[in-house]
Amino acid sequence: MTVMSAQAPLPLAPAESVPVGHAAALVEDEGGGQVFIRGELAYVWDAGDAAGRRLAAAQLVRIKAATQVQVATAFGVGAVTVWRWAKKLDVAGVAGIGPDRKGPKGPSKLTPDLVAEIRARRQDGQSLRVIGSAVGVVLDTVRRALAQEDQGAAQAHTPQLEPASEGAALAEDAHAEGSNERGGQDRHARAGGLADEQEELPVLAEPPERGLERGLARWGLLGHADPVFHSAARVPLAGLLAAVPALAGTGLLGCARQTYQQLPAGFYGLDTVLVEAVLRCLAGEPRAEGATRVDPVALGRVLGMDRAPEVKTIRRKLAQLAGRGKAEELLAGMAAHHLHQIDPELAAVLYVDGHTRAYHGKRRIAKTHVARLKFPAPATLETWVADAAGDPVLVVMAEPGASLAAELRRLLPQLREAVGDDRRVLVGFDRGGWSPALFQAMDAAGFDVLTWRKGEADDVTEDEFTDVTHVDDDGRAHQWNAAESVVDLPLDAAGNQTFRMRQVTRRDGPGAKQIHILTTVGAQQLSTAAVNYRMGSRWRQENAFRYGRMHFDLDSHDSYRHSDDDPTRSVPNPAKKQAQNHVAAARAHYEREVARADATLLQLRSPTSTEPVHISNAEHNRITAGASAAEDALAAAEEHNRHTPARLPLGQVHPGQQVLEVQTKLLTHAIKIAAYNTATALARDVRLHTSYARAKHEAHVLIRHVLTHSGDIDPDPDNGTLTVRLDPLPTGRATRAVAELCEHLTATETRYPGTDLKIRYHVKSRR
């Protein structure tokens, strides 16, 4: 009788082996590796035999000696890697799982002579793109040639350490192979295509605590904490650092330092508060409440802090700045800085438009007509000034009910101060600013007018129209069918005084409606086609409003504070409008009654028979009684209208009317103007300094992607640099475009605000 033993098989594998599931064991040393199954040697490979090692792993899964996850854990690779090995083994056999040569399979184009020529051209100061075009290779080949030079120089200055023994060297090779197969991070970080050997950065290392500085700030012993950066890899919002060069060009920080000097003692200083606000806007959270939807530690790494400020801190800091009442001075300084940064010819073109910000709260805010809503609603009025490209330059708060013409007259001194000299400036605006007297005043003050004609106007004859063409800065041709003429606009009701202006008329085709444009600029300075182009470019400002509402929450109420309006301020009297309406109605009624009485009398005076007609006084009075009563009513209405004042103090018309807080809104407008111009400048850099094929259509989309992209932050205080390495983007063309953008941003040599660190930008290559 046979007796079955229930004892499990004895583990006969070596003691130093690593178990692979329940049946197999793995032994690896400097000589290679071995796999035991149930204590019996099943697979063996020598050191460096990657194909044999992968074969053993794939076969263990195939014979079901262990699961895919167990094999991956024992061999130190990912489960997907083991699956890939098994698939290659099924398709191509053992040869398919061997290590393939990476990169091009043909001979290298980098001959010694070509490398020498590339290095010589680089020493002459040529850019990588120019070098590649000259020698007939792509940018990556140029970078690789320069990388060989840098590696050779690094090796010449690096002492070579001999391994302690041959076994130690084999162990290093085995460890390197295992590290590569585990898909670990490459220790040769690519810096703009240069393979400079860098230490591996810790992934999302916790920022060091700054409790001591926070404690000092709490007791008022610290003016502000300086930005301090620490090395970290895969930082979620590292792409926001790409905005620093463009942010420096907006003048926000420099003008704020000049206007406000500094904030009261605290952990977060003036620069940090403003930079945080701009970067948060670019990250898609323009309101202070948006800080709750952004990881404070991730944003803090970009700011050089242990964490970003909270909502209450942001509000407190902005309230401290707003309390000084200098927001208008800050905006004026930014406007002057902006106009001095751009092309002088473009700086002489400005667009002005009113913007209505609807209010939906419970305060008693004055009503005005909201074009988007198409009915009067509580709202505040703002007057915006934009440059030739439609980018915002300046904003001022308008009085409730103020017309664009009145705001333009009030803005002229500020515009002259922002321009900074006496050159003539072309100011474009819509029909809301129509006023011939204003046009004359602007012309006398050195401003040229550009606006649509308002009211009825005679059409231009057909024979005066010709086809005109204008080529813009991007090389695109614009064509119109237009004509020119000169018109005299009356300055008073009687027409005794007139103001002569140049009129440009355009139409879509013969017989189509004619559209008239008025301007004071001469034909020598601006051609007929250029006048049409500049007038049409005013829509860029409308597009800026639309983009600002979508991405920067332009119409948000950043402060809930309010105050009582000035009760002595003169405002239109609503009763005056009613009195004028009564006069118009009484006059119309009087004219109807007079016409009725005349018709009746005419009928009586023209009888059908030959007998005479006698009209008594009583009959005459009866017929004309209605006209007499209407005449008395008209006289009474006119008398009432004469005694009704056209304007009254606000306290009598709308007692208790309130106004929203202005300084905080203007301050946040300054921040959003800086954020808008930063994003626009980066998009312009994509169009001008990269070879991105879709740059004209997708530049803003690419920039929004870059600004919220992850990357590495690597400060080097000894060399005074802050290196930002962005992770590769999803597509190769986008990654190449960002690499070219990084090269341009690095060339600006911008320092991070509040530090001496020059920022260097790179993007990792897609593998």
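The model is predicted, so local features need pLDDT of at least 70 and side-chain atom pairs count only at pLDDT 80 or more, while totals for chains, interfaces and linings use all residues. Residues are numbered from 1 along each chain as its sequence is written, and side-chain values use heavy atoms, with hydrogens and water left out.

**Exercise 1. Work out how Phe 229 and Tyr 752 pair, and which parts they tie together.**

Step 1: Start with the rule. Rings of Phe, Tyr and Trp (its six-membered ring) pair if their centres lie within 6.5 Å; planes under 30 degrees apart are stacked, over 60 edge-to-face, and the rest tilted. The rule gives nine aromatic pairs here.

Step 2: Phe 229 and Tyr 752 sit 4.8 Å apart, centre to centre, with 85° between the planes, so the pair is edge-to-face.

Step 3: Now find them. Phe 229 is in the loop between α8 and β5, and Tyr 752 is in the loop between α25 (732-747) and β22 (758-763), so the pair ties together parts 523 residues apart in sequence. Helices (H or I, at least four residues) and strands (E, at least two) are DSSP runs, numbered from the N terminus.

Step 4: Phe 229 and Tyr 752 are both buried. Buried means under 20% relative accessible area, exposed over 50%, and partly exposed in between (1.4 Å probe, protein chains only).

**Exercise 2. Classify the pair of Tyr 547 and Phe 552, and decide whether each residue is buried or exposed.**

Step 1: The ring centres of Tyr 547 and Phe 552 are 6.1 Å apart, and the planes make 55°. That angle makes the pair tilted.

Step 2: Tyr 547 has a relative accessible area of 18%, so it's buried.

Step 3: Phe 552 has 5%, so Phe 552 is buried too.
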